[in-house]
Amino acid sequence: MPVLFIYVFGISVSFIQLLFFREIMPVFQAADIVSGFFVLHSVAGLALGFYIASKLAPFQNPGKIIFFTAVALIAVLFIEFAFIRNMRFFLSVPSGGGISLRIAFVYIFGAIAPINFVIGIISRFAYYPEKIFYRFFVSQSLGFISGCLIYFFFMTQTEGLLTVLITASVISFSLFFISSGRKTLFFAACAFIFFIYASEGILFDISAFDKKLLERSFISSSIEDYKYTPYGQNVLTQKNGEYSFFTNQILMFSKPDIEILESEDFGHIPALHHGDLKKVLIVGGAVKYLPMIFEHNVELVDCVESDEAVVSIIQKKFIHLGYIFSDGRLHIYNENPRDFIRNSREKYDLILVGMPYPSNLQLNAYFTKEFFQVAADNLSKNGFIAVKLPGRTAFSSYIMAELNKSVLDAMQSVFKYTQIIPGNRNILIASQKRMPYRLHIKKRLSQMQETTLVLSKYYLDDRMDTQKTLWLKNELKKVKREELLNSDFNPNAMMLSVLYRQSGFSPYLSVFMDEAIKYSPLILIAVIAVFFLSKSVYNATSFVCSATAFWIMFTILFSLQIYNGQIYKWIGIIAPLFVSGILSGTFIARGFALHTPLNKKMFASELLFILITALWLLTIKFEFVNLCILSVFAFFSGFAAGAEIFVLIKISELFTSENKTKIFIFAVFGACFASFFGGSFLIPAWGITKAVVLIFFFKFLIFCRWADLNKRGL
């Protein structure tokens with residue numbers, strides 16, 4: 001099998017994985033736990049296809065099988081892409097609505113497992129004969145790395161359908177290297193596909209067709225504008241003259257404002273707490289609170305939106321807001337809000353956090369103790385900061401209380417005074433200054449009463465009613481869970497926000513998951529019983545090695561969301577670094593110290609893994625996390641895993657081929673364990689720090705067993 005086919009095929013595989021990841025996450029409102037489902041089904045599909053193909057008898061001409069299977073892959077690519085775009089249509093979920101995690105698990109399986117199953121089959125048949133297996137593995141890995149880098153630099157914001165056409169052409173082009181007697185045919189086919197998307201607007205409008213496919217996710221609405229950015233999917237829809245702006249299927253802005261009551265609440269009440277409001281900072285919120293803030297006598301308004309597309313789409317489509325964008329007092333910044341606040345020299349009278357609920361780690365970063373500490377340094381002496389959270393609900397009120405208490409505890413750890421105003425959306429306000437009385441707030445409101453639509457002194461009396469406030473405080477006191485304080489590496493609010501959303505349409509699952517968090521240490525006991533007390537140290541080592549590598553990668557991915565947010569771009573760097581580490585680890589283990597006993601190599605690999613995990617734990621503990629650090633650990637976690645798995649395979653070759661197959665199977669189980677229990681449950685539930693402690697404990701147990709074997713030999 002030509003090496004060039006394997007290399008080009010690896011490029012197409014990277015395009016498929018990155019594209020599908022970018023397309024699936026917004027369907028489920030970019031909830032990070034969905035990434036665990038994505039990786040789980042990808043690994044399971046690849047492994048199953050690879051395993052089934054390996055059990056088939058070797059064929060004299062595997063090139064023919066690859067030829068027809070690759071053609072099938074192109075067909076599956078288009079089908080699965082259309083399926084992802086139609087998920088919300090099939091489920092009849094309204095725009096901005098949530099989806100049950102049970103349904104998400106099933107639908108992601110249907111979207112991801114089949115195409116990865118076909119990829120696994122092609123990969124296994126391409127690796128015949130066995131003697132050059134490693135060379136082909138290296139070629140496909142290098143292709144994957146190259147494809148990820150191409151995606152990172154050139155294709156992050158490329159339209160979905162165009163990416164599908166490019167991927168299909170790359171797969172077709174790869175077959176050029178193995179098509180005996182069909183080279184002219186495939187050259188013509190590749191040229192035709194390239195001509196289609198190179199002639200956009202001449203043969204047919206790819207953008208218009210892509211928009212039509214995307215509209216299926218926004219039932220009965222037409223798309224006015226949309227953009228893909230490193231932060232995700234931004235879509236402006238229109239229905240009967242009403243406009244709605246969504247970021248990753250989360251409603252950010254609408255005209256007319258369907259949440260006008262809550263918008264005026266949050267836009268005015270925190271501002272009325274300050275007696276002489278001059279300088280205001282708005283963090284997120286898609287500029288929806290600007291009209292309210294400008295009704296106060298302010299001198300400066302800084303608005304920070306990390307995603308430039310959010311403001312540009314609204315500014316272009318909502319002409320009636322032109323007077324605001326042309327106001328000299330307004331300054332809009334497109335950068336990470338935390339970095340902006342950290343570097344700003346201004347002292348603000350009010351910091352208004354207009355972000356939606358912390359339903360993912362990117363949003364959760366603005367409800368944490370660390371964010372409040374940074375914000376406190378940029379508040380004036382009498383300044384206030386305000387956030388909004390879910391309030392009264394018919395489902396799982398105790399989860400609502402836990403969520404509010406989590407963020408309130410984070411506020412109270414930084415600010416001397418805090419206040420929570422009950423309602424359908426609770427308003428949490430904090431300051432180093434004592435809170436004003438309601439009488440003073442009503443007096444300030446009377447000076448601007450004519451400019452408000454629904455806000456009045458009677459409404460304020462109802463909103464800030466003493467009995468309602470006491471009821472809410474009593475609900476918070478009932479919370480029995482300790483250590484709920486929300487922080488970057490212990491994102492309680494994110495997990496509770498997910499459970500709160502789930503309680504609306506899957507209350508039993510929400511309650512079950514909340515209870516499972518409390519008893520999740522039992523998972524540790526089960527794993528120890530099954531694997532660490534087993535007779536085969538090789539199977540247990542393979543399982544833990546794979547689980548540890550994927551577990552660390554999930555913590556790196558989640559850390560990237562917290563500190564950068566541009567996950568749809570930077571995954572194009574993190575993923576190839578991990579694969580590069582695997583290749584480097586296998587190369588070093590293959591060629592270094594040829595005469596060193598395998599048990600000593602294995603002991604050295606285990607020691608390296610222990611050191612990497614310990615260093616990663618210390619890095620998180622002391623908050624030394626940045627893009628460079630994340631990249632380094634992504635590479636070295638792959639390096640340790642590659643070296644260890646290679647040595648295990650060499651050990652298995654001393655025994656039977658059955659042992660070698662078992663090592664492969666247990667490595668897959670380890671990756672699936674890390675994806676399902678780690679990426680979609682334990683890491684967000686326990687927090688990144690505790691989750692790394694767990695995996696460090698796993699590695700330490702295996703390390704101890706190999707330390708003993710190192711003394712006694714294999």
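**Figure 1. The second largest pocket of the predicted model, with its lining residues.** About 510 Å³ of space lies in the second largest pocket, where a pocket, on a 1 Å grid over the protein atoms alone, is an open set of points with protein on both sides within 12 Å along at least five of seven lines, and lining residues have an atom within 4 Å of a point. Grid points are joined across faces, edges and corners, and the volume is the space filled by probe spheres set on the points. The lining consists of 22 residues, and L251, E259, Y357, R425 and R501 are those that lie nearest the centre of this pocket. At least two lining residues come from each of strand 4 (250-255), strand 9 (379-390) and helix 21 (492-503), with strand 4 giving the most, three residues; helices (H or I, at least four residues) and strands (E, at least two) are DSSP runs numbered from the N terminus. By class, the lining holds nine nonpolar, seven polar and six charged residues, with Ala, Val, Leu, Ile, Met, Phe, Trp, Tyr, Cys and Pro counted as nonpolar, Asp, Glu, Lys and Arg as charged, and the others, Gly among them, as polar. This is a predicted model, in which local features need pLDDT of at least 70 and side-chain atom pairs count only at pLDDT 80 or more, whereas totals for chains, interfaces and linings use all residues. Residues are numbered from 1 along each chain as its sequence is written, and side-chain values use heavy atoms, with hydrogens and water left out.

**Figure 2. The largest cavity and its lining.** The structure holds six cavities of 30 Å³ or more, a cavity being a set of grid points where a 1.4 Å probe fits but cannot get out. The largest cavity has a volume of about 220 Å³ and is lined by 19 residues, of which T247, M252, M355, Q362 and L363 lie nearest its centre. Strand 4 and helix 15 (361-364) are the elements that give two or more residues to this lining. Nine nonpolar, eight polar and two charged residues make up the lining of the largest cavity.

**Figure 3. The second largest cavity and the contribution of helix 21.** This cavity has a volume of about 180 Å³, and of the 16 residues that line it, F28, Q29, A31, I99 and Q502 are the closest to its centre. Helix 5 (101-126) and helix 21 each supply at least two residues of the lining, the largest share, three residues, coming from helix 21.

**Figure 4. The largest nonpolar core, seen around I314.** A nonpolar core is a set of buried Ala, Val, Leu, Ile, Met, Phe, Trp, Tyr and Cys residues joined through side-chain atoms within 4.5 Å, where buried means under 20% relative accessible area (1.4 Å probe, protein chains only). The largest such core has 224 residues, and I314, F372 and I385 have the most contacts inside it. Helix 24 (residues 537-563) gives the most to this core, with 17 residues. I314 touches F245, F253, A286, V287, L321 and F325, not counting residues up to four places away in sequence, a contact meaning heavy atoms within 4.5 Å.

**Figure 5. A271 in helix 10 (residues 260-272).** A271 is buried, with a relative accessible area of 2%. Not counting residues up to four places away in sequence, A271 touches L277, I293, H296 and L350.

Key
Buried means under 20% relative accessible area, exposed over 50%, partly exposed in between (1.4 Å probe, protein chains only).
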